[in-house]
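Please keep the model open beside them and look up each residue as it is named.

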Amino acid sequence: MNKKQVALTLGIMCLLLTVGIAIQVRTISNTNSTVAQTLTENGLRDEVLRWKERYDNLYSQLEQAEGNLEKVRQQASQDDTSASSKEDEIKLNNMLLGLTDVTGTGIIFTLTDNQGVTTEMVTSIDDDISYYLVHDSDLRLVVNELKNAGAEAISINNQRIVSTSAITCEGNIIKVNGEKIGSPFVIRAIGSPELLYGALTRPGGPIDLFNAKVITDIKKANKVEIAKYTGIISSKYMTNVEE
Amino acid sequence: MIIMIAIIVGCIIGIVIGLNSPIIPYTYSGYLAIAIIAALDSVFGGITATLNKNFNLKIFISGFFGNAILSILLTYLGQRLNVDIYLAAIVVFVGRMFNNLAIIRRYLIEKFSAKEIINTAQKMKKKREQKIQKNT
């Protein structure tokens, strides 16, 4: 072996080694870097990361499959008029179910915990620090009010409100669709901006109630984008009633 | 000289590629880590061998890849058996790395101290020659 060959092999090996180190460093810095206290905690964290990875993989597979389905449907309905009207129907139904991204006029309403209030400031006996936080009931109130005012699509912190959505209190966080969300809560709604705005700001309405406690911000918008529902709407127990 | 250039160029290209390549799944990062440790051990072993003047490229290459692959396999086996075999691999590799580093350090210190001794000897020799010249 002459010197050039030696230099080449050593160079390639150094290349491999540094590529490995760089990838490893990036991988580790990308994952959650909180230092675990114990071995069990470490193992649990590993487990969570692995499950999350698996979930992400499956979700991307699902998205791919949905894309394929869409293509197949389009191909099938290309020549046939009755099939193409069916296709439009499916699209409309998916939109109503919350399974597609939608956009339109509406409002963006933000609810934030009042962090200016501290425990020392809460002195009177019928006052409580928890009054100055946003609760699940507040979100439910807003969603109810928006639905009543004719909102066609609603999302809270990018969690789409669909027919099976639940807004629940889970200790110090709120869960929507089983996903944790936290302050600030950005509620997007598509509908008539005036109607939605009026429903929230009317005297004695939700904003009147909230303003004494938490921080609110409401904006009318010409273009509100609402992401699709990412969960599964199951129909395991129900069947159609035959007429 | 050409070897040094090749190593430096390889390292720079490697960092650039590594920073632009996609990251690997977290599940496999443990295996990559142990492979890196094994490869680093081989590199230090190679440097020590060079200093001892018994460096053999074939041994170096086979050690570099063989150790990395073997340690990955052992780590995998350990996970199947629920024994942390990778800990043993780390102890062995890092222990050997420290040994090799000690040898390198000793070699460098001896080299520099030898130079110093020669330098001082030469200086004294010059002074003595100057004195002799003055006296004559």
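Predicted model: local features only at pLDDT ≥ 70, side-chain atom pairs only at ≥ 80, totals over all residues.

1. Residues are numbered from 1 along each chain as its sequence is written, chains are lettered from A and ligands numbered from 1 in the order in which they are written, and side-chain values use heavy atoms, with hydrogens and water left out.

2. Between the two chains, 33 residues of chain B are in contact with 30 residues of chain A, where contact means heavy atoms within 4.5 Å. Chain B and chain A bury about 2900 Å² between them, and 78% of this lies on carbon and sulfur atoms; buried area is the accessible area (1.4 Å probe) that two parts lose on being put together, summed over both. Of the area that chain B buries against chain A, Ile23(B), Tyr26(B) and Leu57(B) supply 24%, more than any other three residues.

3. Which helices of chain B supply at least two residues each to the side that touches chain A? They are α1 (2–20), α2 (26–51) and α3 (57–81), helices here being DSSP runs of H or I with at least four residues, and strands runs of E with at least two, numbered from the N terminus. The largest share of that side, 13 residues, comes from α1(B).

4. The largest nonpolar core has 27 residues, and those with the most contacts inside it include Phe109(A), Leu139(A) and Ile187(A). A nonpolar core is a set of buried Ala, Val, Leu, Ile, Met, Phe, Trp, Tyr and Cys residues joined through side-chain atoms within 4.5 Å, and buried means under 20% relative accessible area (1.4 Å probe, protein chains only). Helix α4(A) gives the largest share of this core, four residues. A second, separate core of nine residues includes Leu10(A), Met13(A), Leu17(A) and Phe64(B).

5. Ile187(A), leaving aside its neighbours within four places in sequence, is in contact with residues including Ile107(A), Leu139(A), Val142(A) and Leu146(A).

6. Glu145(A) lies in helix α4 (residues 136–148) of chain A. Is Glu145(A) buried or exposed? Glu145(A) counts as buried because its relative accessible area is 13%. Its contacts, leaving aside neighbours within four places in sequence, are Ala199(A), Leu200(A), Arg202(A) and Pro206(A).

Conventions
Buried < 20%, exposed > 50% of the residue type's maximum accessible area, 1.4 Å probe, protein only.
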